[in-house]
Amino acid sequence: MEVNCAGCAGCCLDWRPLSPAALDHERRGERVPLDDSYNLVPLARDEVKRFVEAGEGDVLTPRLFEPGAGDGKRRLGGHEVAAVDGRPVFFIGLRKPPKPVAPFGGERRWLRTCAFLDPETLQCRIHGDDRYPGDCADYPGHNLVLDQETECERVEDGHGGTRLQDRGDPPTGNLALGPQAIGTKVFVHPAPERLHETVDRLVRGRLRRADRAEFVAGAVASAPGSLAVDETRLESVRDQVVAASSWASNAIAAWESMAGACGDSAVGAATRVDERFGAPSTPGWNRGDGDKG
């Protein structure tokens, strides 16, 4: 599989304001997310744990879903939520603050991007690190295996160029579907009765640090392949995440305080905010470079 990523980052940011066509959430299956984040990458339990251990649990956020056909459900905060045995189902992804980016050769605009995306180079700051998500490393392989349209193809349709250069041998090592995903990529919360206000805030895009920490801790405290959750560990990890103060989370607060509306021009906006908080650098693109891997 060969992908040209230089100047794109279409899979790392919410480029709906730049699209000539309507773009829906990229998702597998029929379940509709309760949030409006675009391309939220699901992290495996061990990946969530590594972020927490690195002091970056405050960069993570949950996703819950509307029930699909045949799903169990639970009503929380006035919303029907997909559930198993009455416990809401969720996964964990990376937060997406607004940043001034210029993908696809256009002018710089405020778009929601992955917390680890450098707005200058459009590269990931943790690429190759042990925290780099497996689904990011394998993208767009999973879509190709599942015969789903890739973000590369959407960018080609909307802005031209060739992003997906070769469909051969897509990696599938991190693809987890079905019951084996429970406790590994898909988690259940053990105490739904304390989530009513949290779910309402999630739907309104107003999650708090403690809200996010509750779900991050639930993922870490889950038993792979099981619905079991160690609530003592959940409490311990939740406290750890609430107390975290990573460079990425501090940068998110700064981006959110200075950003214009999504899609607005960001010409002239500062782009080196992450570095002020200690962000790692990226290698930049070399002539002829751009392959993902």
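Modeller: A salt bridge here means a side-chain nitrogen of Lys or Arg within 4 Å of a carboxyl oxygen of Asp or Glu. Keep in mind that the model is predicted, so local features need pLDDT of at least 70 and side-chain atom pairs pLDDT 80 or more, while totals for chains, interfaces and linings take in all residues. Numbering runs from 1 along each chain as its sequence is written, and side-chain values rest on heavy atoms, with hydrogens and water left out.

Colleague: OK, how far apart are the closest N and O atoms in the salt bridge of K185 with D135?

Modeller: K185 sits in the loop between β8 (164-166) and β9, and D135 in helix α2, 50 residues away (helices are DSSP runs of H or I, at least four residues; strands are runs of E, at least two; both are numbered from the N terminus). Both residues are buried, at 7% relative accessible area for K185 and 7% for D135 (buried is under 20%, exposed over 50%, partly exposed in between, with a 1.4 Å probe and protein chains only). The closest N and O atoms of this pair are separated by 2.5 Å.

Colleague: And D274 with K99: how many residues apart in sequence are the parts that this pair ties together?

Modeller: The salt bridge between D274 and K99 has its closest N and O atoms 3.0 Å apart. D274 belongs to helix α9 (residues 273-276) and K99 to strand β6 (residues 98-101), so the parts they tie together are separated in sequence by 175 residues.

Colleague: Which residues are linked with K99 and D274 in a network of salt bridges?

Modeller: D274 is buried at 0% relative accessible area, and K99 is buried at 1%. Their salt-bridge network also takes in D118, R125, R272 and E275.

Colleague: Now E197 and R201. Which helix do both lie in?

Modeller: Their closest N and O atoms are 3.6 Å apart. E197 is exposed at 58% relative accessible area, whereas R201 counts as buried at 10%. The two are four residues apart, about one turn, in helix α5 (residues 196-203).

Colleague: Over to α1: within what arc do its buried residues fall?

Modeller: Helix α1 (residues 45-53) has R45, E47, V48, F51 and V52 as its buried residues. The arc is that of the directions from the helix axis to the C-beta atoms. Looking down the axis of α1, those residues line one face, so they fall within an arc of 165°.

Colleague: Which residues have the most contacts inside the largest nonpolar core?

Modeller: A nonpolar core is a set of buried Ala, Val, Leu, Ile, Met, Phe, Trp, Tyr and Cys residues joined through side-chain atoms within 4.5 Å. Among the elements giving two or more residues to the largest one are α1, β2 and β5. That core has 57 residues, and the ones with the most contacts inside it are V48, L60, L64, I92 and F116.

Colleague: Last one: what is the radius of gyration of the protein?

Modeller: The protein has nine helices and nine strands. The globule rule (2.2 Å times the number of residues to the power 0.38, with the radius of gyration taken over C-alpha atoms) gives 19 Å for 293 residues. The protein is close to that value, so it is as compact as a globular protein of that length, with a radius of gyration of 19 Å.
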